[in-house]
Amino acid sequence: MDIGQRSLAHVAFFEALTGMEEDSSEWRQTSAGLVTLRLVDSWVAEGRSVVAPEGWSLRAVRDAIQRIDRG
């Protein structure tokens with residue numbers, strides 16, 4: 001799957017995000033889900049190096065998840 005196909009695979013997330021107030025609780029949850037799915041896509045396409053602890057993709061997912069409100 002190329003980058004264009006990966007983006008289209010998650011178009012519902014992009015559409016949902018455009019209808020939300022940026023940085024709202026719902027926006028942060030949806031964004032974290034999208035970033036996580038894109039990491040999995042990259043992992044499948046590019047291999048284990050994508051999820052290395054020092055990798056930017058994994059850090060982006062961790063940061064996105066940490067920004068979600070608790071509860």
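Student: Between which helices is Asp-23 found?

Tutor: This is a predicted model, in which local features need pLDDT of at least 70, side-chain atom pairs count only at pLDDT 80 or more, and totals for chains, interfaces and linings use all residues. Residues are numbered from 1 along each chain as its sequence is written, and side-chain values use heavy atoms, with hydrogens and water left out. Helices are DSSP runs (H or I, at least four residues), numbered from the N terminus. Asp-23 is in the loop between α2 (11–18) and α3 (25–46).

Student: Is Asp-23 buried, partly exposed or exposed?

Tutor: Buried means under 20% relative accessible area and exposed over 50%, with partly exposed in between (1.4 Å probe, protein chains only). Asp-23 has 44% relative accessibility, so this residue counts as partly exposed.

Student: Which side chain does His-10 join through a polar contact of 2.6 Å?

Tutor: His-10 sits in the loop between α1 (3–9) and α2, and is buried because its relative accessibility is 10%. A polar contact is a pair of N or O atoms within 3.5 Å; within protein, one must be able to donate a hydrogen and the other to accept it, and residues adjacent in sequence count only if both atoms are side-chain atoms. The side-chain partner of His-10, at 2.6 Å, is Asp-41.

Student: How far apart are the end C-alpha atoms of α3?

Tutor: The expected span of a helix is 1.5 Å times one less than its number of residues. With 22 residues, α3 should therefore span 32 Å, and the separation of its end C-alpha atoms agrees, at 31 Å.

Methods: Helix = DSSP H or I, 4+ residues; strand = E, 2+ residues; numbered from the N terminus.
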